[in-house]
Amino acid sequence: EASDGADGSLGGGGALAAGSPLPSEETARRVFAAALPSVVCVSHSRSAQSFASLDVFDLPAGQASGFIWDSRGHVVTCHRAIKGLAEVKVTLHDNSTYTAKV
């Protein structure tokens, strides 16, 4: 039998069917699902040149996760992801990508 968790054990106060998520797991799933739209990928690239053709192309140089802070679209991420940069690409959960000023 599962407990209510007051004694430090996992559980939800009663027996659970095999394969059923614990109440705490279901709560975590709901929190993660609600937060998903605010999670972003922050990335930047650097220009490189092909020695063979002399063509210039963008080469991925770094990325980090972040989240949308407010309705104006400000993003919070770690300092190392943006240090020394003027702009980055921000990709939303729906795969839309925007250029952002640092």
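The legends below describe an overview and close-up views of a predicted model. Residues are numbered from 1 along each chain as its sequence is written, and side-chain values use heavy atoms, without hydrogens and water. Local features need pLDDT of at least 70 and side-chain atom pairs count only at pLDDT 80 or more, whereas totals for chains, interfaces and linings use all residues.

**Figure 1. Overview of the protein chain, with 2 helices and 5 strands.** From the N terminus on, the order of elements is α-β-β-β-α-β-β. Helices (H or I, at least four residues) and strands (E, at least two) are DSSP runs, numbered from the N terminus. Of the 102 residues, 13% are buried; buried means under 20% relative accessible area, exposed over 50%, and partly exposed in between (1.4 Å probe, protein chains only). Among contacts (heavy atoms within 4.5 Å) with a separation of 6 or more, 27% join residues 24 or more positions apart. The chain exposes about 7,700 Å², of which carbon and sulfur atoms supply 57%. Accessible areas come from the Shrake-Rupley method with a 1.4 Å probe; for residues, only the protein chains shown count as cover.

**Figure 2. A nonpolar surface patch formed by Phe67, Trp69 and Val76.** Together these residues have about 310 Å² of accessible area. Patches are made of residues with over 30% relative accessible area and no salt bridge, joining like charges within 9 Å and nonpolar side chains (Val, Leu, Ile, Met, Phe, Trp, Tyr) within 5 Å. A salt bridge is a side-chain nitrogen of Lys or Arg within 4 Å of a carboxyl oxygen of Asp or Glu. Val76 lies in strand E3 (residues 75–77) and is partly exposed, at 32% relative accessibility.

**Figure 3. The 1 aromatic pair counted in the model.** The ring centres of Phe67 and Trp69 are 6.1 Å apart and the planes stand at 45 degrees, so the pair is tilted. Rings of Phe, Tyr and Trp (its six-membered ring) pair if their centres lie within 6.5 Å; planes under 30 degrees apart count as stacked, over 60 as edge-to-face and the rest as tilted. Phe67 is partly exposed at 34% relative accessibility, whereas Trp69 is exposed at 60%.

**Figure 4. Ser43 in strand E1 (residues 39–49).** Ser43 is buried, with 19% relative accessibility. Leaving aside residues up to four places away in sequence, Ser43 touches Gly62, Gln63, Val88 and Lys89.

**Figure 5. Cys41, a partly exposed residue, and Cys78, also partly exposed.** The relative accessible area is 25% for Cys41 and 31% for Cys78. The count of disulfides (pairs of cysteine sulfur atoms within 2.5 Å) is 0.
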